[in-house]
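Q: Can you walk me through this one? I have some questions about the fold and the side chains.

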Amino acid sequence: MDEYKARHGGAIDPRTGLPMSPSPAASPGSSVQPYYAANASPVIQQAYSSPTSPQPVQQQPQYTYYNGQGQGQQQNNTYYYNNGSQPGQAGHQEKGGFMSPVAADSESQVQVQSAVLVATHHSQDSTGHNKNDSGPTRTAKVFPINLKSWKHIFSGTPTEYRFEPYHHWQRPGYVYQDVNNYRHRDSAGRVMVRPRSDRYLHHQDGRLRNLIVQCTDDIFAAPGNATWKRTYIRKVSPWKARAATWVIDFSYDPESWNDWGVMVLRAFPAAIAMSFCFWDLTEAKFENSGWYAPVNYTFWGTAKVWGNRLENKNLGVGVSELANNHQIYHVLKPRHLCFLNKPESDQPYGITVRAVDEWEFEEKGDRQRNLDYLFVAFSGEQFPNNSPEHMMALIQMAEHACREAKLPAFWISSHCMLETTENQVDVYRIADILRGAQKMAIVVGPSTKADSAYTATDTDTLIRQWGNRMWTFPEVLLCPGHSIRVYNRAQPSSPMTITKNQFAGRVWADSGDVELSSQLIDHYNGTLSLSRLELAVLLLKCLFARKTHTWFDGDHSYALMGLLRLRPQIDSTDTPFQAFARISLANDSDSLLERAISILPVSQTQSFHDFSDAYQSELWDISPTCQVAAICDNDTVVIDGAHGATIHWDAFYFLTYTTGLSWKRWGATKLMEYQFILFVVGISLCASRQVAPGIILILVYLALWLATPNLVRLSLGGKLTGVQAALFGFEGYLNAPTVERAIFGGNFDRLGWSTNGSPLSCSYINEFGERVGVDPYSSDVNVRNKVEKAKHGGALPGQMRIFTLVDTYNMQMTLFEAERPPSCVFLCGAEGGMRRAVACSYDFTTQTMYRETVLRMPTTSLNRMDRVARFRFGLRRPEEKYAVRPAVATPV
């Protein structure tokens, strides 16, 4: 092995078997060193040439690679490939999939590793057979790093002391500016009054407690930049496990006699320690019957609108008086119409605005007369209501269009919405008026407003300006017929005819949603069938992409309401989200709101109506497993029926686990327990002049002593048949062996990385066609840079940070980003064969769980999770309520 390292330039890449330059000493992975099995065949390194490289390559390694965002996704990352240069020299730059990081210049910059993620590499001989088919592919072992743990107390890092478990902790570097006290009632009915701070609900008693987050050594030693308390990561495994694994738990090469000698020397004091530590008569017990820690939550508040109408009967504080109004209230006919004077003539004789009820009363004897009318659409930007000149021109153009259409009347909002008490409601009933019309005409024209940009006169430009307005969008979708006539004020005698199936391409070409708009037109024309969910999603995207003059905050959602069957009554106090939620709650939109909860936003500022998912899934790909029960203030909802679990952030705790019955494992354990007794008895026999039996016992002890490393692996190893389900979290990054040693006492390759747990997850396909999760830190240069930035306090409150979630039931670790450490997870949906785990932080001032991120967990997690009754949920914290300031330093 030493000769192999000497020939190929030092350390070996953990996943490819190719030479790599050592990571910087300050990085978490700096002490990770690989070794290889003795029977492994060497992997031949080949030069890699990018598609744009002028340097040809005869053979390229075969590899398949995946990341957490799906197969084959293009990433905006820069990577370096070795094009035949020596290790440590930079190769070509490429854009593409994740590759291994390297230090091309170890003194100044961390670059990408000069080895490609190779699942298998086949070199062929002259007969076409693979030369290395006879031997297994090289595998690498990663070793844990040493944690400072209690050494932080004496390192000069400011810490506080408390008379509770995990005594030492740090004060937050930032505090909230809000100094008011808030009342909180927990699940047991206990009332506490506390100022705003980061807190969580304890899983055992439901008490409100301060949030203490364990973090890596570098983050703990860096200046405080968070609003929560911090502590360092501790080893929690039993001393008997630590004593046993101490023999082999260090970076070593099994082919090195020096390292083997170190293990033998460690076996002697370990044997003494194990003789005492193994006398443990306490019986291991599973907590919570082996299930995840529950979410001890009870919702004591009220809601603005409950999904069940009976709950809205006793209207209390905060409940909307319009909550019970979910009935259909389509209008069957317009209130007023502009009737033509002498409708049989083509000449302009003017109009008369009349109430439809009055006209029907006069024409009640003529049952052959139908209420036929033309719907005239226009834009208030082109024809301002406060300009008599524009209003006169508009009505003249409308009369001209109506006479050309051979209809006796027309409806136009500027003249037919006369009752001011009903105007606000009629605005949202225009869709019904349009459905009853025989034809629709559009009137456009340049505006004379001094600050207006609508000064063009050609019809194509004016109709595109008209199409930018929100209220014009449903008018095109619902208008009758297969074509629309467009009348230009500047060219009244030359109307333009646009067919509906060509309208999107001609009018909305610059809107950015021309394809979606075209699909909606095809749906309303009957040539394309969209599901209820697809229809609602596409309508929201198109409506929110357009401009409007705001009547109410929820206008975009109310415009959508006109295209749906059930319409809640307009509530002027609704926010945009509340209006959208009320419509979704009232209509059968295939659980649109429940699906949106499980979406992971692409950015921190993504709005609720944007359903872009960081996992590149659509809403219809997610099957909700919870229900929205109510709509509350501050853009929150009440969710019921989700499976939930609490995350332990303050520290790891030792987990009970079973490995099944094995005589070899039982025998190895007993030999390690009692081998030192053999030595003591042997020395005693020799001292009492019974030399022969004494020497025999000493020789047996020496044999067991030399075999201790193998006995340790055999005793503590093996496949787990049962383990305590728990979710642990810590701030920052550590490799899997370090975390496994801290929890279980040693590294037995049981704990690995999730393949698709978060957008930061990385995986690849090995030579057996199996997908294997890999360490994101060593696989993605962007993740590496984020981790390095986090180690030195690079994030401020409100910015994304790096956290790690450890799932002991599935034995997986997941690296993810969030603004705050989430205190619990809720499985709210299923997608792609996994569960969407909505990770939430807790705001005790309003009893609200706010979404911090969305992870993907195996479906088997449901086997160990309890359901959570009604809890208040918010998509994002209102930042104006969480302003912070630097904390005043206090002497320790």
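Q: What is the mean pLDDT of the chain, then?
A: The mean pLDDT of the protein chain is 77. A value of 70 or more is reached by 74% of the residues.

Q: Which stretch has pLDDT below 50?
A: Residues 1–139 have pLDDT below 50. Beyond near neighbours in sequence, that stretch still has 292 contacts in the model. Where pLDDT is low, the predicted coordinates should not be read in detail.

Q: OK. How many helices and strands in the protein chain?
A: The secondary structure comes to 23 helices and 40 strands.

Q: And what share of the residues is buried?
A: Of the 892 residues in the protein chain, 53% are buried. The accessible surface comes to about 40,100 Å², and carbon and sulfur atoms hold 52% of that.

Q: What share of the contacts join residues at least 24 apart?
A: Taking contacts between residues at least 6 apart in sequence, 66% join residues at least 24 apart.

Q: Which residues have the most contacts inside the largest nonpolar core?
A: Phe410, Ile442, Phe503 and Phe826 do, in a core of 125 residues. Helix α14, residues 532–544, gives the most to this core, with 10 residues.

Q: What is Phe410 in contact with, leaving aside neighbours within four places?
A: Its partners include Leu337, Cys338, Leu340 and Ile351.

Q: What does the second core include?
A: That separate core has 31 residues, among them Ile145, Leu147, Ile802 and Met811.

Q: Switching to charges. How many salt bridges in the whole structure?
A: A search finds 30.

Q: Start with Asp613. Which residue does it form a salt bridge with?
A: Asp613 pairs with Arg836, and the closest N and O atoms are 2.8 Å apart.

Q: Are those two buried or exposed?
A: Asp613 and Arg836 are both buried.

Q: What about Glu817, which residue is its partner?
A: Glu817 forms a salt bridge with Lys786, with the closest N and O atoms 3.0 Å apart. Glu817 sits in strand β34 (residues 812–818) and Lys786 in helix α23 (residues 781–791), 31 residues apart. Glu817 is partly exposed at 22% relative accessibility, and Lys786 is partly exposed at 33%.

Q: New topic: why is helix α16 largely enclosed?
A: Because 9 of the 11 residues of α16 (residues 576–586) are buried, the helix is largely enclosed by the rest of the structure. The buried ones include Phe577, Phe580, Arg582 and Ile583.

Q: What covers them?
A: The cover includes β15 (305–306), α14, α15 (555–561), α17, β24 (627–632) and β25 (636–640).

Q: Which residues form a nonpolar patch on the surface?
A: Val691, Ile695, Leu699 and Leu702 form one, with about 320 Å² of accessible area together. Leu702 lies in helix α19 (residues 691–706) and is partly exposed, with a relative accessible area of 32%. An α-helix has 3.6 residues a turn, so residues three or four places apart point the same way.

Q: Last one. Is His168 buried or exposed?
A: His168 is buried, with a relative accessible area of 16%. This histidine is found in strand β7 (residues 168–169). Leaving aside neighbours within four places in sequence, His168 is in contact with Ile153, Thr159, Glu160, Tyr161, Thr231, Tyr232 and Arg234.

Definitions and conventions:
Residues are numbered from 1 along each chain as its sequence is written. This is a predicted model: local features need pLDDT of at least 70, side-chain atom pairs count only at pLDDT 80 or more; totals for chains, interfaces and linings use all residues. Side-chain values use heavy atoms; hydrogens and water are left out. A nonpolar core is a set of buried Ala, Val, Leu, Ile, Met, Phe, Trp, Tyr and Cys residues joined through side-chain atoms within 4.5 Å. Buried means under 20% relative accessible area, exposed over 50%, partly exposed in between (1.4 Å probe, protein chains only). Helices (H or I, at least four residues) and strands (E, at least two) are DSSP runs, numbered from the N terminus. Contact means heavy atoms within 4.5 Å. A salt bridge is a side-chain nitrogen of Lys or Arg within 4 Å of a carboxyl oxygen of Asp or Glu. pLDDT is the predictor's confidence in each residue, from 0 to 100. Patches are made of residues with over 30% relative accessible area and no salt bridge: like charges are joined within 9 Å, nonpolar side chains (Val, Leu, Ile, Met, Phe, Trp, Tyr) within 5 Å. Accessible areas come from the Shrake-Rupley method with a 1.4 Å probe; for residues, only the protein chains shown count as cover.
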